[in-house]
Every structure is written in C-alpha cells, then in structure tokens.
Amino acid sequence: ELYRHYSDLNLSTKALLGLGYLSIPGYASKVKTLADDIRSYLQIDGRSVTVLRKTGSDMWEWYNSDSEQMALILQLFAEVDAKDSMVDRLIYTLLKNQSHGYWQNTASTSRVLEAIYTYIQKRDLDNTDYTAKLSLSGKELLSAGFKGAAAKPVSLNLPFEDEFISS
C-alpha cells in the first residue's frame, strides 16, 4: 500500500493520495495524517505561505510546477476543512503568483483553477450575498449589493475636481 511509504512521497503525491482517499469510507484518519504531514512543510509568511520542500526529482513522469503543487495542497485542505486559515493563505499566494490571469503554463493554470473551484464550492461562495460601501472622509460615495458568483463589479470614476477628492 502506497500509504505505508507516504513519508517518502513528495508533497504533490501526498496531496493526490489524500484527495483519492477522501472518497473511501473509513480513510478520514489517513487523509488527516497526510494533510498534517503536508502542513509541516508550509511556512506562514504574513498573508501568504511558502512551501519548504520543493517538488522531488521523482516527478519526471508528469509535469509539475510549484503552482500545481500548491494548488493540489489547496484542494486537499479545502476538502478537509474549507474554513482552515491555511486555505486563505494558499489562495492568496496562488493569486499573487499568477501573471496576467494565468500561471506558468496551461497545465499549471488548469490545476490552479480546479483548486480554486473546489475552494468556491466548499466555502459556498456561489451564494455570496453582501453589500459594500465606499466612503471618503466619512462621506459615502458608493453603495452596491453583490449576490452570488455572477455579481458584476461596480465602479465609480470621479474627476480630480470633484468635491469629494479636492476637499
């Protein structure tokens, strides 16, 4: 059984193993052990996280990048406990590491987007419903409601001569 040798596996393989075990009744303790082991290689840096152990040399058989590795870890952690603060740090780090809406390549981008979708599902963000208010010097400039993932952004453009900005 692969699990007996989990300490020899790289972090991506551990995350994939944990994701596989999620669908097997009675394997929750193994998933927790794998997630806890992965967590020991994550260093918190303020709002972000750094993976201390890089992808191993045994990854020659399939493409893997740091972003893919972090996405697999995010996906596992979101499945185990979506409210875990490490999930927020992983998502922040992944979003910070993208460039112009994508990661290193198509494979990495696909893996990251799949992990983000798991995050959205587990946090029930499709049903987000909130109101945001923008104020400057105590004076409300804009108020808008946002319902669900399909909510459209709201913007406000003011000229520099506007009374709110110039005062």
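Predicted model: local features only at pLDDT ≥ 70, side-chain atom pairs only at ≥ 80, totals over all residues.
I started with burial: of the chain's 167 residues, 36% count as buried (under 20% relative accessible area, 1.4 Å probe, protein chains only). Numbering runs from 1 along each chain as its sequence is written, and side-chain values use heavy atoms, with hydrogens and water left out.

Next, the layout. I find six helices and four strands, taken as DSSP runs numbered from the N terminus (helices H or I, at least four residues; strands E, at least two). Along the sequence they read α-α-β-β-α-α-α-β-β-α.

Helix α1 (residues 11-21) packs on helix α2 (residues 28-39) at an angle of about 155°, axes 9 Å apart; axes are lines fitted to C-alpha atoms over the stretch in contact, and angles run from 0 to 180 degrees between N-to-C directions. So α1 is roughly antiparallel to α2 (over 145 degrees).

Who touches whom here? L11, K14, A15, L17, G18 and Y21 of α1 meet K30, V31, L34, D37 and I38 of α2, with contact meaning heavy atoms within 4.5 Å.

Last, the hairpin. Strand β3 (residues 129-136) pairs antiparallel with strand β4 (residues 139-147) over eight bridges; pairing takes at least two DSSP bridges. A132 has A144 in β4 as its bridge partner. Two residues lie between the strands, and S137 in the turn has a positive phi of about 55°.

Definitions and conventions
Parallel < 35°, antiparallel > 145°, perpendicular 65-115°, else oblique. Buried < 20%, exposed > 50% of the residue type's maximum accessible area, 1.4 Å probe, protein only.
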